[in-house]
Amino acid sequence: MKPVASGAVTRGESLVHDDVEQLAAAGNVAAPRELVNPYRFAAPIAPHLAAVDAGMRIDPDRIERCFRALARMADVIIVEGVGGFRVPLGPGADTAQLAARLALPVVLVVGMRLGCLNHALLTAEAVAARGLALAGWVANHVDAHMRAADENVRALETLIAAPLLARIAFDPVPGPVGGTALLDTRKLL
C-alpha cells in the first residue's frame, strides 16, 4: 500500500504513479488501485501541498478504511511512506500519526549519502518517541560515489537499536523486485 503519492503522470484516462505500479508488480494480491493508493496527485510536491493544488483534502479515515479492506485480502501489508517519517498530510496530520493510527511497525530506509547518519538517528528517535516499533532498517545506496559507505553502514549498525534488514546497491534504474529480494524478513519475526 502507498496511501499517498505525488508526482503521478497521466496515462490514457488514468493518473498513474510508478511507485504504486512497482508495489503492485512486487505483490501477490490483485487489489484495486483505489485501495492500494487512495490518494495520488500529479504535482511532484509534498502531499499536503499537492492535495491543496488538486483541490482535495487527505482524509486519514479514508486511508484507514482502505488499509482495513486490504488487510481482509492479504496476510501481510507493506505500507510505503511518502518522503519520510514526519511528512505533513494536511492540517494536524502527518505520516508519523498515520503509522501510529495503523499500529505499523516501521522499517527505516536510509538513503546512504552524506548526512545520512544524522537523518537516520533523528528518524529512529522520532519513531521511538511515537511509541512505534522500529522493526529494522535498510541501507539504500543512493550515491554511487559515497565515500566510506561501508563505515557508515557499520556505524549505523552500532547506533540503531534495530537490525539491518538489507543493503541495496546503487542502481540508476531500480526495478520493483530488486530491493525486496534482498530483504531478510526473518529478522522481522
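This is a predicted model: local features need pLDDT of at least 70, side-chain atom pairs count only at pLDDT 80 or more; totals for chains, interfaces and linings use all residues.
**Exercise 1. A residue in helix α2**

Find the place of V36, then its contacts.

Solution. Step 1. V36 sits in helix α2 (residues 33–36).

Step 1. Set aside neighbours within four places in sequence. V36 is then in contact with M1, K2, P3, V20, A31 and L70.

Step 2. V36 and K2 are 34 residues apart in sequence, yet 6.0 Å apart in space, C-alpha to C-alpha.

Step 3. Is V36 buried or exposed? Its relative accessibility is 12%, so V36 counts as buried.

**Exercise 2. Salt bridges**

How many salt bridges does a search of the whole structure find?

Solution. Step 1. Recall the idea. Side chains of opposite charge can pair when their charged atoms come close. A salt bridge is a side-chain nitrogen of Lys or Arg within 4 Å of a carboxyl oxygen of Asp or Glu.

Step 1. Give the count. The search finds 10 salt bridges.

Step 2. Examine D61 and R101. Their closest N and O atoms are 2.1 Å apart. The pair links distant parts of the chain: D61 is in helix α4 (residues 60–73), R101 is in helix α5 (residues 95–101), and they are 40 residues apart. D61 is partly exposed at 38% relative accessibility. R101 is partly exposed too, at 33%.

Step 3. Examine R86 and D94. Their side chains meet in a salt bridge of 2.8 Å, N to O. D94 has 7% relative accessibility, so D94 counts as buried.

Step 4. Examine R167 and D150. The closest N and O atoms of this salt bridge are 2.8 Å apart. R167 is in strand β9 (residues 164–168) and D150 is in helix α7 (residues 149–159), 17 residues apart. Both are partly exposed: R167 at 34% and D150 at 40%.

Step 5. Look for a network. Salt bridges that share partners join D61, E64, R68 and R101 into one network.

**Exercise 3. Two packed helices**

At what angle do α6 and α7 pack?

Solution. Step 1. Know what to report. Two packed helices are described by the angle between their axes and the distance between the axes. Axes are lines fitted to C-alpha atoms, for helices over the stretch in contact, and angles run from 0 to 180 degrees between N-to-C directions.

Step 1. Read the values. Helix α6 (residues 116–129) and α7 pack at an angle of about 20°, with their axes 11 Å apart.

Step 2. Classify the angle. That makes α6 roughly parallel to α7. Angles under 35 degrees count as roughly parallel, over 145 as roughly antiparallel, 65 to 115 as roughly perpendicular and the rest as oblique.

Step 3. Name the contact residues. C116, L117, A120 and L121 of α6 meet N152, A155, L156 and L159 of α7.

Step 4. Zoom in on N152. N152 is buried, with a relative accessible area of 14%. Leaving aside neighbours within four places in sequence, N152 contacts M112, C116, L117, M146 and R147. C116 is buried as well, at 3%.

**Exercise 4. Positive phi**

Where is A103, and what is its phi?

Solution. Step 1. A103 is in the loop between α5 and β7 (106–111).

Step 1. Phi of A103 is near 55°, a positive value in a residue other than glycine.

Step 2. A103 is exposed, with a relative accessible area of 61%.

Conventions. Residues are numbered from 1 along each chain as its sequence is written. Side-chain values use heavy atoms; hydrogens and water are left out. Buried means under 20% relative accessible area, exposed over 50%, partly exposed in between (1.4 Å probe, protein chains only). Helices (H or I, at least four residues) and strands (E, at least two) are DSSP runs, numbered from the N terminus. Contact means heavy atoms within 4.5 Å.
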